[in-house]
Amino acid sequence: MKNITINDFIASLFVYNKICESQKMKFHCYNDLKRLFDERFVKKSELYKDKIILIKRYMFSYRIINYLLKKQNLSNENV
């Protein structure tokens with residue numbers, strides 16, 4: 001993770017995951033992030049289709065968010 005911004009963002013997610021004790025709060029936080037990545041960030045994706053580095057950073061961050069959601073087994077039934 002050579003990019004400092006992405007590194008800090010991902011590190012913040014893991015710190016939050018470690019210190020937050022509320023499953024309900026984690027669910028809502030990760031769900032909001034996932035919705036941001038699923039909806040808002042791809043709204044004008046055609047503008048960035050040639051920007052490989054942006055796409056790679058987006059995909060990396062998106063995978064981390066999905067990983068954290070699955071790792072916690074967070075779903076509506078658990079909160």
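User: Which residues in α1 meet α2?
Analyst: This is a predicted model. In α1 they are Phe-9, Leu-13, Tyr-16 and Asn-17. On the α2 side, they meet Met-25, Lys-26, Cys-29, Tyr-30, Leu-33 and Phe-37.
User: And by class, what's in that contact of α1 with α2?
Analyst: Eight nonpolar residues, one polar and one charged.
User: Are α1 and α2 roughly parallel or antiparallel?
Analyst: Helix α1 (residues 4-19) and helix α2 (residues 23-40) pack at about 155°, with axes 11 Å apart. Angles over 145 degrees count as roughly antiparallel, so α1 and α2 are roughly antiparallel to each other.
User: Switching to α3, which of its residues are buried?
Analyst: Tyr-58, Ser-61, Tyr-62, Ile-64, Ile-65, Asn-66, Leu-68 and Leu-69. What covers them includes α1 and α2.
User: OK, aromatics. How many aromatic pairs does the structure hold?
Analyst: Seven. One of them is Phe-37 with Tyr-62, a tilted pair at 6.3 Å centre to centre and 35° between the planes.
User: What does that pair tie together?
Analyst: Parts that are 25 residues apart in sequence, because Phe-37 lies in helix α2 and Tyr-62 in helix α3.
User: Is Phe-37 buried or exposed?
Analyst: Phe-37 is buried, at 5% relative accessible area. Tyr-62 is buried too, at 17%, and the cut-off for buried is under 20%.
User: Which residues form the aromatic cluster?
Analyst: Phe-9, Phe-37, Phe-41, Tyr-58 and Tyr-62 form one cluster.

Notes. Residues are numbered from 1 along each chain as its sequence is written. This is a predicted model: local features need pLDDT of at least 70, side-chain atom pairs count only at pLDDT 80 or more; totals for chains, interfaces and linings use all residues. Side-chain values use heavy atoms; hydrogens and water are left out. Axes are lines fitted to C-alpha atoms, for helices over the stretch in contact, and angles run from 0 to 180 degrees between N-to-C directions. Helices (H or I, at least four residues) and strands (E, at least two) are DSSP runs, numbered from the N terminus. Angles under 35 degrees count as roughly parallel, over 145 as roughly antiparallel, 65 to 115 as roughly perpendicular and the rest as oblique. Contact means heavy atoms within 4.5 Å. Ala, Val, Leu, Ile, Met, Phe, Trp, Tyr, Cys and Pro count as nonpolar, Asp, Glu, Lys and Arg as charged, and the others, Gly among them, as polar. Buried means under 20% relative accessible area, exposed over 50%, partly exposed in between (1.4 Å probe, protein chains only). Rings of Phe, Tyr and Trp (its six-membered ring) pair if their centres lie within 6.5 Å; planes under 30 degrees apart count as stacked, over 60 as edge-to-face and the rest as tilted.
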